Amino acid sequence: MKRWGHVLGVAAWLVITFSFCGDAAGRFDQKLLIDKQIVHVLNRLTFGPRPGDAEQVRRIGVDKWIDQQLHPERISENPVLDAKLKPLETLQFPMWQIMEKYAQPLGLIIRPPSQLAMNSLPQQQQARLRNGSTEERINTLAALDPDTRRLVLAAAGPQILEGLPEAVQQEATKARQDEQAELQKERQRLMPPLNELLSQEQIRTGRQGTKEEKLALLNSFDAQKRQQVLRALGPGPFNDLPELRREVMTITQPQQLVNSDLIENKLDRAVYSNRQLEEVLVDFWMNHFNVFNGKGQDRLYLTSFERDAIRPYVFGHFKDMLLATARHPAMLFYLDNWQSQVMRDDQLFQLPAGIQRPGLNENYGRELMELHTLGVDGGYTQQDVVAVARALSGWSIYDIVKYAEFQFNPGSHDRKEKVVLGHTLPAGRGEQDGIDVIDILAHHPSTAKFIAKKLAQRFVADDPPQALVDRMAATFSKTDGDLRAVLQTMFSSMEFMSEGAWQAKMKSPLEMVVSAVRAVNADVTDTFALAQRIADIGEPLYGKVEPTGYPNTGEAWTNTAGVLGRINFATALVSGQVAGVKADVSRFNFKEPAVVAGELLSTPPSRSTLAAIDKGIQDKEATPSLLTSLVMSSPDFQRR
């Protein structure tokens, strides 16, 4: 009870403290002293300082260190990171290869013979069966040999069977039932139940045995039985065994494996990369152009989206990133533009019964302006939303299951004249309409202001000074949206390096967890539990359903449940209770609380933090683990 009383007391202290977290405590025209400048840039341009980072910045100089981070190609990457990313093979695969290898569970792709038979018919026969008259369909079926006829009838849908004699309908029903029975037998052969594969003692070992016992059991089987056993056991028993977890996910949840690799990539880079600003910006822009990993195929598309549409452009021109995201299958699928179609005047043919064209979809057009460029108050109207959607009609995906590549489909595009934000797009220009929309939005003054403010919110304060935002927006407009130049304007400003910006931001769950890992220089051998902790605190990675992305300001992270989650994580981290993460706090042995706090924060702790630590260690042994968890639970650490 005493422990929980202490935890709840700290939580209440944090919630009260952060109820004012969006307001800067100091002045934006009062420059930080050099010691604070060093800690400030490490808290804003990285995922938190590691032991020795402050000394490195002091040695190099603040301005030179910032310039290096703005040019990551000049920084040698950490070889530890390269070694950790090497096993994650999906990170390097092109989209088609991800689709080919990970779209379906290994060994369970059972293609119904009926579909193969239907697809193997000559195109003319297929057309007659799908669109022909009743007599044409009857004659086409009668011309098939008995085996092919049975398979084709098993595949026949209502459109093909409509109006056919009752005997043919019954023949089709029986053919479908027979095929389903055969398919079920094949599935049972491939996936026998666990009690047919293992004895009760082996089942106990597979579910509850030690790592060595589980490995010995699996290694005693041939390849086919090993696969069957892993499929029957599922991933649960192997959550703490990265190698086996990866193997079982490949067999049972290959799409989840792709997503798992992407999450591990993010966390390993955040913890270990020397090019910290690049990783902070990749996270920022992925959140800006949010895509939810739980929507259908997007779990497979997101790897390429981050690698090909975001990462190459974080120091480049905004327009290039905007176009890359607009054309990427992940965004086209997430906001449904791949299905957006407009019936053209020269295509007024009768569609088959039961078939409807999806029609114009405004989802992407609206979010493109509201969330990606102009902002909600950026000066656009509903008419502009419709015009942008029309301009982007036909921007689609070629074969979402097999290749997932961008494709412009002229047959779905609105060819008529459009007016977007006062700009006339002449009729009949096809894909160029969408390219021009991207150009119009990228160069609009509202986009410059919206992007400038959002960056200033991330790096300066929740409510950044308008004068700074205006200067950043002017740089954006003058340099054709050069994001590196905009960042340079911000980082060289008085406002960024001011008392007003000092500790004015609350860390997101990702930032808090990673900064804690970095502060104690923990060794991360498995990110699975780390990612779960971040999700528990409120930020499932790649898991934001709404296109808004996660909040860029602190008020969303100050609820009691989230604060308790942060305290519990800090305690678990230093107690060795986060699987796959080993924190060594022995360097704090026999050190005073103020010294421990200063080393973890890279700056002297506040009086309120020292008072809370003194209260937290009353009647307790001031162990390094207890002191570290108290410091990590403090507002001094939760702010950046």
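**A buried leucine and its surroundings**

Leu 487 touches Leu 70, Leu 281, Phe 315, Leu 455 and Phe 459, leaving aside residues up to four places away in sequence. This contact list comes from a predicted model. Leu 487 itself sits in helix α28, which covers residues 483-491.

Zooming out, the protein chain has 640 residues, and 53% of them count as buried. The C-alpha trace spans about 90 × 75 × 45 Å along its principal axes. If we take the contacts between residues at least 6 apart in sequence, 71% of them join residues at least 24 apart.

Next comes helix α24, residues 382-392, which is mostly covered. How many of its 11 residues are buried? The count is eight, and these are Asp 384, Val 385, Ala 387, Val 388, Ala 389, Arg 390, Ala 391 and Leu 392. So what does the covering? The elements over these buried residues include helices α23 (363-372) and α25 (432-442), along with strands β1, β3 (418-420) and β4 (423-425). After α24 comes Gly 394, with a positive phi near 90°.

Strand β1, one of the elements covering α24, takes up residues 395-398 and runs antiparallel to strand β2, residues 405-408. Four bridges join the two strands. Across the pair, Ile 397 stands opposite Phe 406, and Tyr 398 stands opposite Glu 405. The hairpin has six residues between its strands, and here Asp 399 takes a positive phi near 55°.

Elsewhere, two helices cross. Helix α7 (residues 113-120) packs against helix α10 (residues 146-155) at an angle of about 105°, and their axes are 8 Å apart. Angles of 65 to 115 degrees count as roughly perpendicular, and α7 and α10 are therefore roughly perpendicular to each other. Which residues of α7 and α10 meet? From α7 come Pro 113, Ser 114, Gln 115, Ala 117 and Met 118, while α10 brings Leu 151, Val 152, Ala 154 and Ala 155. Sorted by class, this contact has seven nonpolar residues, two polar ones and no charged ones.

Finally, there is helix α33, residues 607-616, where the buried residues are Thr 609, Ile 613 and Gly 616. Why do these three end up on the same side of α33? They cover an arc of only 65° around the axis, and so they share one side of the helix.

Note on methods:
Residues numbered from 1 in each chain as written. Predicted model: local features only at pLDDT ≥ 70, side-chain atom pairs only at ≥ 80, totals over all residues. Heavy atoms only, no water. Buried < 20%, exposed > 50% of the residue type's maximum accessible area, 1.4 Å probe, protein only. Arc of directions from axis to C-beta. Axes fitted to C-alpha atoms, helices over the stretch in contact; angles between N-to-C directions. Parallel < 35°, antiparallel > 145°, perpendicular 65-115°, else oblique. Contact = heavy atoms within 4.5 Å. Nonpolar A, V, L, I, M, F, W, Y, C, P; charged D, E, K, R; others polar. Pairing = 2+ DSSP bridges.
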